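User: I have a model open and want a quick tour of how it packs. Can we go through it piece by piece?

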Amino acid sequence: MEVPESIYPLIENACRDLYIKSLKEIPPDVVEAIRRAAATETLEVAKRIFSHYLQSIDLGREQKMIVCQDTGIPIYWVKIGGNLRLDGAKLDDAIVRGTERATREHPLRSSIVSPLRRENRQTNCGERIPIIHYEFQRDSDVLDILFMPKGSGSENMSFMKMLVPADGVNGIKRFVLEMVVGAGPKPCPPTIVGIGIGGSSDLCMTLAKKATTRPLGSRNSDSEMAALELELLDAINQTGIGPQGLGGNTTALAVHIESAWTHITCNPVAVNMQCWRAERRRARIHADGRVEEGF
Ligand code: SF4
């Protein structure tokens, strides 16, 4: 299906809106998980922190205020419907322009700098930023764009290790727990712990990040992986790190695993944490110009 030229300005506007709105409205599944954690918390200090989180969430939604000052690294997960005939370069340009416009028009803090000179263009864009991941969806007429502004506190707590097959599943569990405990309060817990297992080193890390974008409550479709998610969630919540690392029953809201097959002599594992605000927002763009918003 050929898409009209008018789709590209539509994509640009959608990406601008995704960035701005994602910073102000926390996804309902995350809000629900925080409410549940707050209700079951027994430690006074943890209860107080959860109550601040919930106040920030309400202020963001009702007063259209940014929930946390960090505008993050702009990351887009784009799924292109297999029936759509899109110009990839124009799609790329529209996403970049939408990111720049969100930053200038709101205006948002520009969190993006060059790695050595620390130059800031004040657009939240730069070399290879925004980060755009492309996938394709068979038999679909929809362009699905999921946006996440990845905060640095949690992004700095990213870890990857090339274990060997002899380390087995126990090696994976040990690595995940060591990284979570070592990170302590730095990723602004309670977190969503994304775990990548398998692939190559780069794919493994991407899978760990992708895992954090899954809605809370979803489980890996493989029963063994799903059981490992639950086992690790339980173990992480027994560490007592708690919200902001000040102690409590909830250190992670969820553990999500994404996996890929790997080399016979490899056993890669990666951990990518998402902080409590877990911002993400989705736009589903149809060829006829309809845009559906969601999470
Ligand atoms: S890690 Fe998340 S909650 Fe903490 S400062 Fe960064 S964006 Fe905000």
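User: Start with helices α2 and α3. At what angle do they pack, and how far apart are their axes?
Analyst: This is a predicted model. In it, α2 (residues 28-40) packs on α3 (residues 44-63) at an angle of about 150°. Their axes are 10 Å apart.

User: How are the two oriented to each other, then?
Analyst: Angles over 145 degrees count as roughly antiparallel. So α2 and α3 are roughly antiparallel to each other.

User: And which hand does the crossing of α2 and α3 have, left or right?
Analyst: Left-handed.

User: Which residues meet there?
Analyst: From α2, V31, I34, R35, A37 and A38. From α3, F50, Y53, L54, I57 and D58. By class, that contact has eight nonpolar residues, no polar ones and two charged ones.

User: OK, sheets. What is the strand order in the five-stranded one?
Analyst: β2-β1-β3-β8-β9. The sheet is open and its pairing is mixed. The twist averages 15° from one strand to the next.

User: Which strands stand at the edges of that sheet?
Analyst: β2 (131-137) and β9. Each has a single partner strand, so one side of each is left without a neighbour in the sheet.

User: How many bridges join β1 to β3?
Analyst: Eight, with β1 (residues 73-81) and β3 running antiparallel. For a landmark, look at I73, which stands opposite K150 in β3.

User: And β8 with β9, how many bridges there?
Analyst: Four, again in the antiparallel sense. The strands cover residues 281-286 and 291-294. I285 stands opposite V291 in β9.

User: What sits in the turn of that hairpin? How many residues lie between the strands?
Analyst: Four residues, and G289 in that hairpin takes a positive phi near 100°.

User: Which helices lie across this sheet?
Analyst: Two to look at. α1 lies across β1, β3, β8 and β9, and runs at about 165° to β8. α4 (residues 88-105) lies across β1, β2 and β3, at about 145° to β1.

User: Switching to rings. How many aromatic pairs does a search of the whole structure find?
Analyst: Four. One of them is Y19 with F147. That pair is tilted, at 4.8 Å centre to centre with 50° between the planes.

User: Which parts of the chain does it link?
Analyst: Distant ones. Y19 is in α1 (residues 7-22) and F147 is in β3 (residues 142-150), 128 residues apart.

User: Now the four-stranded sheet. What is its order?
Analyst: β4-β7-β5-β6, open, with mixed pairing. β4 (158-163) and β6 (252-259) stand at the edges. Each of those two has a single partner strand, so one side of each lacks a neighbour in the sheet. Here the twist averages 15° from one strand to the next.

User: How do β4 and β7 pair, parallel or antiparallel?
Analyst: Antiparallel, over six bridges, with β7 covering residues 267-274. L163 has N267 in β7 as its bridge partner.

User: Which strands does α6 lie across?
Analyst: β4, β5 (191-197) and β7. Helix α6 (residues 168-183) runs at about 30° to β7.

User: How do α6 and α8 cross, and how close do the axes come?
Analyst: They cross at roughly 35°, with the axes coming within 11 Å. α8 covers residues 223-237. This crossing is right-handed.

User: Which residues make that contact?
Analyst: V169, K173, V176, L177 and V180 of α6. On the α8 side, L228, E231, L232, A235 and I236.

Notes:
Residues are numbered from 1 along each chain as its sequence is written. This is a predicted model: local features need pLDDT of at least 70, side-chain atom pairs count only at pLDDT 80 or more; totals for chains, interfaces and linings use all residues. Side-chain values use heavy atoms; hydrogens and water are left out. Axes are lines fitted to C-alpha atoms, for helices over the stretch in contact, and angles run from 0 to 180 degrees between N-to-C directions. Angles under 35 degrees count as roughly parallel, over 145 as roughly antiparallel, 65 to 115 as roughly perpendicular and the rest as oblique. A crossing is left-handed if the near helix is turned anticlockwise from the far one by less than a right angle, and right-handed if clockwise. Contact means heavy atoms within 4.5 Å. Ala, Val, Leu, Ile, Met, Phe, Trp, Tyr, Cys and Pro count as nonpolar, Asp, Glu, Lys and Arg as charged, and the others, Gly among them, as polar. Two strands pair if DSSP finds at least two bridges between them. Rings of Phe, Tyr and Trp (its six-membered ring) pair if their centres lie within 6.5 Å; planes under 30 degrees apart count as stacked, over 60 as edge-to-face and the rest as tilted.
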